[in-house]
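Colleague: I would like a close look at one part of this model. Please take me through its salt bridges.

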Amino acid sequence: MAEYTLKVRRFQPEPEDGVAAGPYWEEFDVELEDTLSVLDGILQAKNDQDGTLAVRCSCRAAICGSCGVKVNGQSTLACKTQLGEAAAEAERTATGNGANGAGKTVITVEPMANMPVIKDLVTDMESTHWEKYRRVSPWLMPTGPEPEREHIVPPEAMVDVTQSVACIQCGACVSACLSMEADPDFIGPAALAKAYRFIGDPRDGQHEERLYDLANDPHGIYDCTHCFSCIDACPKGVAPMNQIMRLRRIAGDDYGIADVNHGRNHELAFTKNIEKKGTLDESLLLQESYAPGVKGKLLPTRSAIKGLLESIPTAIRGIRTGKMRSIPKLIPGVHEKLPGDAQEHVKRIYARAEESHQELNLYMIGEGGEEEGAPEAEDVPAAAIVPEPDESREL
Ligand code: SF4
Ligand code: SF4
Ligand code: FES
């Protein structure tokens, strides 16, 4: 048995029994095996010390998705986080203040972020998760004549969606999402991963309509900033960011969907820019994102002019923060290339990426062989490698 201190961020919705309304911290000392979970610790505190401590849980086995919290600042499942590991992490990062006055390791536990708190560790996931989940029509929409029995698909065609199928709707990725923090209307990682579950399903007949909708929503697939937080937070290996990138590739490469937000152009301009210069030419990126064309010339469509005018505040912020202070950073195309043959190395990376156009389902094979018994990539049977109709959906 080991002793731990759980420092819990509590929230009292209205005054009761001498406790004022609002947030406050409270510490609970618990004594448990280090292999037991943070949820076990919370439940011991609730049972033995304060029955009003609110937490949502059910399966205690990382299946139901109801115990999402933040442990030492990281969004996760309380039942999947061992006390011993959480204590070691708190000591390593000092997020839980390492140790309290009594020398016990302090593990901080908070409600999930990006969603309103109902009481203590219980959050309201309706507006931040479930509403967005329904927004992506999370059901199959097949077209064509009804089959006599069920829709038949070859098993290998479903490998592509196994990763997103694994989602247990815990909301940890929503809690961790930085774009959601900046734009609460962002559809978000969980709902978009669910969208891929149907867009990657060959039985669905609404792929283009779904993608058009998600690409042209200002809070849709191009609102993600590739921060990787959702990948780190997800307890089931869904990797929502990767599913969002797949949605973008299918929308842009397979269906040629040009979104009104210029997200697709921005992505293409970024990759072209780095391939040519090695580092980012900020002003050319801005121009090419809105008015793709020959260097230094604009294609003055109404939408391009509107986009460029709207980006003036961004450019001013860039000048203020020093990102676009020098002349080469202000004039599109004047940005210097990398010295020596460094640019050739960058081009070779691009060529290598082009050559290895295949998508491995990392959920099935384990990442880098980390999972015990997971085969190396080259050992993966052909059936686990998703054939790419246009060779463009690589991770
Ligand atoms: S990668 Fe995108 S979806 Fe995932 S947390 Fe970051 S901004 Fe959100
Ligand atoms: S994608 Fe992962 S973190 Fe997000 S809701 Fe699903 S299981 Fe939870
Ligand atoms: S209690 Fe079910 S996932 Fe934690």
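Which residues are three apart in helix H2 (residues 83–93), and what separates them?

Modeller: They are Glu-89 and Arg-92, and about one helical turn separates them. Helices (H or I, at least four residues) and strands (E, at least two) are DSSP runs, numbered from the N terminus. This is a predicted model, where local features need pLDDT of at least 70, side-chain atom pairs count only at pLDDT 80 or more, and totals for chains, interfaces and linings use all residues. Residues are numbered from 1 along each chain as its sequence is written, and side-chain values use heavy atoms, leaving out hydrogens and water.

The side chains of Glu-89 and Arg-92 form a salt bridge, 2.9 Å from N to O. That term means a side-chain nitrogen of Lys or Arg within 4 Å of a carboxyl oxygen of Asp or Glu. By this rule there are 17 salt bridges. Glu-89 is partly exposed at 30% relative accessibility. Arg-92 is exposed at 62%. Buried means under 20% relative accessible area, exposed over 50%, and partly exposed in between (1.4 Å probe, protein chains only).

Now take another pair. Asp-120 and Arg-10 also meet in a salt bridge, at 3.1 Å from N to O. This pair links distant parts of the chain, 110 residues apart. Asp-120 sits in the loop between strand E6 (117–119) and strand E7 (122–123), while Arg-10 belongs to strand E1 (residues 2–12). Asp-120 is buried, at 0%. Arg-10 is buried too, at 1%. Both belong to a network of salt bridges that also links Glu-26, Asp-50 and Lys-119.

How values were computed: Chains lettered and ligands numbered in written order.
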